[in-house]
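Q: Could you take a close look at one part of this structure for me, namely its pockets and what lines them? I would like a connected description that I can follow while turning the model on my screen.

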Amino acid sequence: MAIVWFGMAVMSRVSYMRLGQATFRAPPHEGGSDKSAAAQTADVAVQVFGHRKLLRDVRSGVMHLLLFYGFIVLQFGALAIIWEGLTDHVLPYARWNAFAISQETTVAVVFVAVLYGVFRRYGERLERLKRGLKPAVVSLFIGGICITVLLTLGFGRIASPDTAHSAAYAPISSALADLLKAIGFTEQSASYGYETAWWLHLLVLLAFLVYVPQSKHFHLMTAPINLWFGRGVTRRALQPINLEDENAESFGVGQIEQFRRKQLLDLYACVECGRCTNVCPASNTGKLLSPMHLIVKLRDHLTEKGASVTKRQPYIPAWAWAAGHTKDGQQVHVMGASMPIWNGSRDAADTSIAPTMEAQAESWQKSTGTAIEDVSMIGDVMTESELWSCTTCRNCEDQCPVGNEHVDKIIDMRRHLVLMEGRLPAEGQRAMQNIERQGNPWGLPRADRAAWMDACKEQTGITVETVRDYERRGERPDWVIWAGSMGAYDARSRKVLFALVQLLDAAGVRFATLGAEERNSGDTPRRLGNELLFQELCAENIATIERYSIRQIVTACPHTFHAMRNEYIDFGLPADVEVVHHTELLNRLLDEGRLRPAKKVEARVVYHDSCYMGRYNGSYAAPRRILRAVPGVSVVEMERSGRNAMCCGAGGGMMWMEEKAGVRVNVARVTQALATEPEVIGSGCPYCLTMMEDGLRQLERDNVNARDVAELLAESVCGG
């Protein structure tokens, strides 16, 4: 019956996932991968069996590793115990003595790991871990299995002393048997104890089997599958929408069944470890958004709606889950009106997620008077304030040990709000309208896009030609500088562009720009959910690139870099068009000896990693190599740097919107940088540069500057 119940619970959830869109995983040209099939398989194996991500937190990683392998080993012992109880014969395992001592050692190790896990959750009280009875259930199950195994073995040694193997190979059960004898157990009474412990062991083991697929521990089955289907996805591109599909009734995701099946599999793979929320810049600064709760809430909603649509019972047997039902049927979850209570006197460096965790726990409650058909996914499950708090930094996904993708779900829901309902925060709407009308988020005249070229000549004395100028002479430049809206219009970002021009000129690189023919890359509209505007801008830019047969593009903006390198390919950009970030090109020129830093620049520099260069594209070394190549520069690192660097707060369109809760993300990040006592906060992104300077102004730190690595290199190479 336990196996039947287990199968029913699994099949119920499979049927819920099948409600999603049949596109289970993005095809290669949409998901993106530069790894071989063997390398992808090896990567999944390392994740599953090597616990690569879990071991980033060494203590919990080792604990989980012991539980993972210990539980596998214990199943062989469980088979032996069950077989012996049913047949009175020992399973014919080879090297029985070695097997016996391995079982006893494993039981002890697993039990200690369980106790440590309980201590982590309820003693240390890690903020990222939920507390209460429900999270303790699995500890009770595994602890119960360990205890009943030892009791079965201990009583068995007393009840059948002639068949018991040597105490040297069963030290724990032998010691337990001696203790039981000391308190008065005889062979006869021990035989009763043996049968009682045997049945308890079977009961706990089978109850755990039934419980697993109906809890977060379903990840035991779904996590490896989820990692397999997500294997090899390296370019982090958003899934395109076919806006010309005449059969499409809506765009984006407004209902749970509009997610792809892979996205729904994510929901049942979540282990609720909280690693995602622990690093989320929104959660870290007192916003309501929590990536873990995003997954949990969508999972609960899918289970409740799936049960209603498929008529399959979600919780089996129903009497064991009576708390989830009323006499009229199943209760459903909805969000209340709770918001994080953020103490304004707290230091911005305190990135505690406690307010967000508490607010989510208070808000996500069961409602007995609401039908599942009346629950709106956007509004009742995910609030709009949560969706518009995401900076799309993907730190949540980088930390997730089971391969969940949080950002894509948020963007899909934003797409529905924007494309189907026209709902977008006022500042974001203004930026969209400005991009649509004038091609830039500020609404400045389109004709001014090329004005930076004249300003560059005035400041550096270098003439920046256009691609058209080269074409008229029948020539081609080596590289085309894509200025981007920040470089073209923002006075501070222009200085970075000027430094890049100086360095390319010093290296003897033939470069040009598109000038007024360049368009906004579309990154901001896409992250804000306006897929229509993104695709229009993308098509215009690709047409321009093709018209001039451009094959090498360099840009100082990681957002433009990512969109053009990894997402334009889905819309027809030729695969042989090379798009590089300016730090990569400058690093290449340094390696070739074409740039020679000579002037000493005395500065203690802490480097802030751009999310769209780091986690999105794996580029961490190039900017640091540039900084270390500059004489006089000493590079220091923040506690959160590299792959775990905290976002500046500008990604996902947040550059153009106001933060309405908690601490500003950029202030928190600048506070982290200032802890290293730098003279300069280095960056390689115009968004990051703006946010760092804004944070320094807000904290009134006039003695620290924010500078792009190109500016520091240009000062050393070109002087001035």
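Predicted model: local features only at pLDDT ≥ 70, side-chain atom pairs only at ≥ 80, totals over all residues.

A: The largest pocket holds about 1300 Å³ of space, and its lining is made up of 44 residues, among which K130, K134, E272, D300 and H333 lie nearest the centre. If you trace where this lining comes from, you will find that the elements giving two or more residues to it are the helices α6 (137-159), α13 (291-310) and α14 (354-363), together with the strand β4 (364-367). Sorted by class, the lining of the largest pocket contains 19 nonpolar residues, twelve polar ones and 13 charged ones.

Turning to the second largest pocket, we find about 970 Å³ of space there, and 43 residues line it, with H64, L67, H217, H219 and V271 lying nearest its centre. At least two lining residues come from each of α3 (37-50), α4 (58-87), α5 (96-123), α6 and α9 (219-229), and of these α4 gives the most, with eight residues. The lining of this second largest pocket divides into 26 nonpolar, nine polar and eight charged residues.

How values were computed. Residues numbered from 1 in each chain as written. Heavy atoms only, no water. 1 Å grid on protein atoms, 1.4 Å probe; cavity = no way out; pocket = protein on both sides within 12 Å on 5 of 7 lines; lining within 4 Å. Points joined across faces, edges and corners; volume = space filled by probe spheres on them. Helix = DSSP H or I, 4+ residues; strand = E, 2+ residues; numbered from the N terminus. Nonpolar A, V, L, I, M, F, W, Y, C, P; charged D, E, K, R; others polar.
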